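Hello,

I am passing a structure on to you, and I hope you enjoy looking through it. Please open it first; my notes on what was found follow below.

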Amino acid sequence: MNDKDPGAQPEEGPGAEPEKVPDKVPEPGFADSIYGHTNTFYTAPKLNQGVPADPRFIKVLSAIEIAIGVVLFALIVFGVMLQVLGRYFPSVGWVGAGELALMSMVAMTFITTGYLVGRNGHIVLEIFDEMLAGTRLFVALRVVSAIIMAATSIALAYEAFVKIESEWGRLSAAMHVPIGVLYIFALIGFLSAAVHSTFKIPYANRPEHKLDIGEMEG
């Protein structure tokens, strides 16, 4: 046997398994990542997928609220931009620009109250939701919550109605608009919130809609 002779090779019996060669060596840093799978906009299920559609009356009411809210938001932008331009170009300035933006913001907050209540866009404390999920007590909890929300909204709507008359004589400083106008938006918003809450009661056993900003676009 010379130096180039590798010598006798081990015999491969019928039960011997051939050595496995990995097809591809994983790149370092990816195969053993400490981070788990993360849902993104492209991997997570579509929001409100599988949720039953709202009644036609609720759809129409929500569309009207969103349309008024968009107009008021445009007035906010217009008032703020005009106020800013007035600082650099006094000739285009208007003393009521800031007041227009402020009153539009208050009115938009009130007019979208019902839509947010119907889409669970308001601030909530989910203390018992996880504990009672999937049980009849969870349905009862949703019914009680809807009743409390409807009663509270009706009470606030009454207070807004009273304030319309008492505040109608007061005028804003710049535009001389009756302050009672703002309480008209409050009255409409709280009445809408009561309607949205009432419609939740017979459907307490079905999945609820969640606030989807995409519905407000376009």
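Lys-163 and Glu-167 are joined by a salt bridge between their side chains, at 3.2 Å from N to O. Before I go further, please keep in mind that this is a predicted model. The two partners sit four residues apart in helix α5, so about one helical turn separates them. How exposed or buried are they? Lys-163 is partly exposed, with a relative accessible area of 29%, whereas Glu-167 has a relative accessibility of 10% and counts as buried, because the limit for that is under 20%.

Glu-167 has another partner too: its side chain meets that of Arg-170 in a salt bridge of 2.9 Å, N to O. Through shared partners, Lys-163, Glu-167 and Arg-170 are linked into one network. The count of salt bridges comes to two.

**The loop between α5 and α6**

Where is Arg-170 found? Arg-170 belongs to the loop between α5 and α6. Setting aside residues up to four places away in sequence, Arg-170 touches Val-177, Pro-178 and Ile-179. Arg-170 and Gly-180 are 10 residues apart in sequence, and their C-alpha atoms are 7.6 Å apart in space.

His-176 is found in the loop between α5 and α6 as well. Its phi is near 55 degrees, which is a positive value in a residue other than glycine. His-176 is exposed, with a relative accessible area of 53%; the cut-off for that word is over 50%.

**The protein as a whole**

Stepping back, the protein has six helices and zero strands. Read from the N terminus on, the order of elements is α-α-α-α-α-α. Of the 218 residues in the protein, 26% are buried. The accessible surface comes to about 16,100 Å², and carbon and sulfur atoms account for 66% of that. If you take the contacts between residues at least 6 apart in sequence, 77% of them join residues at least 24 apart.

**Helix α1**

Helix α1 covers residues 56-88.

Together with Val-84, Leu-85, Tyr-88, Phe-89 and Val-92, Val-80 forms a nonpolar patch on the surface. The accessible area of this patch is about 550 Å² in total.

**Helix α6 and the cores**

Helix α6 can be checked in the same way as α1. Its 21 residues should span 30 Å at 1.5 Å a residue, and the end C-alpha atoms are 31 Å apart, which agrees. Among the buried residues of α6 are Gly-180, Leu-182, Ala-186, Leu-187, Phe-190, His-196 and Lys-200. The buried residues of this helix pack against α1, α2, α3 and α5.

Which residues make up the largest nonpolar core? This core has six of them: Ala-157, Ala-160, Ile-164, Ala-186, Leu-187 and Phe-190. The elements that contribute two or more residues to this core are α5 (136-167) and α6. There is also a second, separate core of five residues, which includes Leu-72, Met-103, Ile-111 and Leu-182.

Phe-190 is worth a click in your viewer. Apart from neighbours within four places in sequence, Phe-190 is in contact with Phe-110, Thr-113, Ser-153, Leu-156 and Ala-157.

How values were computed
Residues are numbered from 1 along each chain as its sequence is written. This is a predicted model: local features need pLDDT of at least 70, side-chain atom pairs count only at pLDDT 80 or more; totals for chains, interfaces and linings use all residues. Side-chain values use heavy atoms; hydrogens and water are left out. The expected span of a helix is 1.5 Å times one less than its number of residues. Patches are made of residues with over 30% relative accessible area and no salt bridge: like charges are joined within 9 Å, nonpolar side chains (Val, Leu, Ile, Met, Phe, Trp, Tyr) within 5 Å. Accessible areas come from the Shrake-Rupley method with a 1.4 Å probe; for residues, only the protein chains shown count as cover. A salt bridge is a side-chain nitrogen of Lys or Arg within 4 Å of a carboxyl oxygen of Asp or Glu. A nonpolar core is a set of buried Ala, Val, Leu, Ile, Met, Phe, Trp, Tyr and Cys residues joined through side-chain atoms within 4.5 Å. Buried means under 20% relative accessible area, exposed over 50%, partly exposed in between (1.4 Å probe, protein chains only). Contact means heavy atoms within 4.5 Å.
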